[in-house]
Amino acid sequence: MFFSTSYLLLAITLATGVSAAPTSSHFRSSPSSSRFARLRLLSAPLTVRVLLTVPNASADTCLSVITNDPSGNQIVAMNIASNGKLSNVQATSAGGLGQHGITDPNGPDGMFSQGAVKVNSKAKVLVTVNPGSNTLSMFSINANNPSQLTMVGNPVSSEGEFPMSVAINENATMVCVLNGGAVNGVNCYKPDQKLGLIPMPNTLRSLGLNQTTPATGPAGSASHVVFSEDGTKLFASVKGVPPTPGFIAAWDIASDGSLSAEPVKSTPSAGGLLPFSMTVIPGMNAILATDAGIGFDIFNFGGSSNGANANSVNGTENAASNLSATSSVVAIDGQKATCWSSFSSKSGNFYLTDIGTSTVTEVNVDKNLKGTIVKQYPQIANSATIDNDIATVGNNNFMYVLAPNATTVNVLQVNTPGKAAPVQNFNFASAAKAAKVTFDKNNLQGMTTFIKN
């Protein structure tokens with residue numbers, strides 16, 4: 001059977017001079033501790049961008065992470081073979097500086113976000129944030145050797161502070177960044193194959209958060225920016241400060257790329273507190289958002305509640321533009337900080353990671369937008385599972401999970417509902433040392449995949 005080449009791009013941010021990653025004691029909760037208190041203990045300064053590639057790989061995928069090092073952010077690449085396994089490490093300068101958010105104590109997830117680095121396989125481009133420089137950088141990907149990245153143009157201003165998440169639309173005609181610092185909100189660009197990122201007019205929009213630079217979190221911090229499935233809306237997630245819940249902000253995207261002047265903000269239903277990552281629910285005009293305070297939330301932008309409770313910040317439905325969402329909340333028993341998510345087209349299910357329990361939770365969302373837990377898959381104890389992504393390699397879906405406390409990327413095959421199977425725990429520390437790539441495990445962040453078309 002013929003396999004085309006696949007590479008996996010994993011983005012990790014790395015910061016120097018931070019204290020050791022939290023031990024298991026940081027994950028224990030006392031009777032008086034709140035869900036928010038547990039979450040604060042789990043989020044520590046972390047900024048690493050990494051791209052991983054596998055030599056002689058026979059699959060078409062690449063994984064990338066960032067180091068987010070304050071002295072110089074890097075993209076680290078690992079190769080993916082046709083069996084989904086990773087090998088080797090190669091680093092490329094991201095063209096800016098990393099920065100860890102403010103939290104006590106220090107530990108993994110220093111940017112409080114998902115999407116620190118993203119790839120568009122059609123356009124063969126990668127875009128990453130540089131939170132310490134308030135910039136983002138665009139790279140072209142060599143499809144025959146995806147670990148080879150070439151910067152296009154120069155790093156550009158994010159027009160805000162502490163950029164933490166980036167999104168690229170399906171056709172690679174629009175790139176948007178989420179700023180989470182004292183100057184927060186979104187800003188968008190047109191990616192040009194020769195000039196790089198060109199700012200688009202009428203896309204700089206504020207979230208009005210009372211934040212610091214670097215951001216203080218995880219409570220009260222921004223989290224993730226994504227496009228709707230049809231590309232007509234832009235979403236940004238913001239965590240609450242308990243007992244006040246966070247929200248999903250939504251903007252319409254006009255035909256010229258401009259954003260509506262003000263976002264419509266939708267809060268989760270009762271029990272929801274900290275919307276974190278957002279994964280589009282295919283064909284449903286809806287989003288699954290992890291919620292570090294309870295489990296996960298489902299936001300329905302389709303104009304009908306499907307049994308969920310309407311709950312909008314501005315108190316009104318906006319059915320004409322479907323910017324206001326109804327929502328439902330699903331608890332995950334025993335969870336500590338469920339924050340990152342991805343979707344498998346093979347199994348039809350979502351996979352969520354919890355930094356506190358080091359667990360992957362498989363979730364199903366039915367045609368009525370009812371969410372249920374399918375199965376849980378414990379990973380290495382205290383490994384602090386954070387960013388994840390799912391790549392199609394040959395005829396298989398593989399999930400890649402960054403576990404910084406163990407300096408591993410965990411690989412699971414996720415083809416069949418309820419039967420995620422472990423494939424590899426790739427310890428990249430030795431490979432990084434051989435490649436003379438230095439990082440602090442507390443700063444590793446981000447993950448994205450490149451699939452050669």
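The model is predicted: local features need pLDDT of at least 70, side-chain atom pairs count only at pLDDT 80 or more, and totals for chains, interfaces and linings use all residues. Residues are numbered from 1 along each chain as its sequence is written, and side-chain values use heavy atoms, with hydrogens and water left out. The largest pocket holds about 1500 Å³ of space. The structure has 1 cavity of 30 Å³ or more. The salt bridge count comes to 1.

**Terms for the spaces**

- Rolling a probe the size of a water molecule over the atoms shows where empty space is left.
- On a 1 Å grid over the protein atoms alone, a cavity is a set of points where a 1.4 Å probe fits but cannot get out.
- A pocket is an open set with protein on both sides within 12 Å along at least five of seven lines.
- Lining residues have an atom within 4 Å of a point.
- Grid points are joined across faces, edges and corners, and a volume is the space filled by probe spheres set on the points.

**Largest pocket**

- The largest pocket is lined by 44 residues, and Lys 118, Val 119, Ile 168, Glu 170 and Val 280 are the closest to its centre.
- Elements giving two or more residues to this lining are β5 (117-120), β10 (163-168), β15 (222-227), β19, β24 (338-343), β28 (388-393) and β32 (445-451).
- Strands here are DSSP runs (E, at least two residues), numbered from the N terminus.
- β28 gives the largest share of the lining, 5 residues.
- By residue class, the lining has 17 nonpolar, 20 polar and 7 charged residues.
- Ala, Val, Leu, Ile, Met, Phe, Trp, Tyr, Cys and Pro count as nonpolar, Asp, Glu, Lys and Arg as charged, and the others, Gly among them, as polar.

**Second largest pocket**

- About 150 Å³ of space lies in the second largest pocket.
- Its lining has 15 residues, with Leu 209, Gly 220, Val 238, Lys 239 and Val 241 nearest the centre.
- That lining divides into 6 nonpolar, 7 polar and 2 charged residues.

**Largest cavity**

- The largest cavity holds about 60 Å³ of space.
- Ser 228, Glu 229, Phe 235, Val 280, Ile 281, Asn 285, Ala 286, Ile 287 and Phe 301 line the largest cavity.
- β19 (275-281) and β20 (286-291) each give two or more residues to that lining.
- The cavity lining comprises 6 nonpolar, 2 polar and 1 charged residues.

**Salt bridge**

- Glu 170 and Lys 122 meet through their side chains in a salt bridge at 3.5 Å, N to O (a side-chain nitrogen of Lys or Arg within 4 Å of a carboxyl oxygen of Asp or Glu).
- Glu 170 lies in the loop between β10 and β11 (175-180) and Lys 122 in the loop between β5 and β6 (125-130), so the pair ties together parts 48 residues apart in sequence.
- Glu 170 counts as exposed at 54% relative accessibility, and Lys 122 counts as exposed at 51%.
- Exposed means over 50% relative accessible area, buried under 20%, and partly exposed in between (1.4 Å probe, protein chains only).

**Buried residues**

- Arg 205 lies in strand β14 (residues 205-206).
- Arg 205 is buried yet has no salt bridge; Glu 262, the nearest side chain of opposite charge, is 7.1 Å away.
- Lys and Arg count as positive and Asp and Glu as negative, while His and the chain ends are not counted.
- A polar atom of the Arg 205 side chain lies 3.1 Å from the backbone oxygen of Asn 202.
- Ile 141 sits in strand β7 (residues 135-141) and counts as buried at 6% relative accessibility.
- Ile 141 and Val 119 are 22 residues apart in sequence and 9.1 Å apart in space, C-alpha to C-alpha.

Note on methods
Helix = DSSP H or I, 4+ residues; strand = E, 2+ residues; numbered from the N terminus. Polar contact = N/O pair within 3.5 Å; in protein donor to acceptor, adjacent residues only side chain to side chain.
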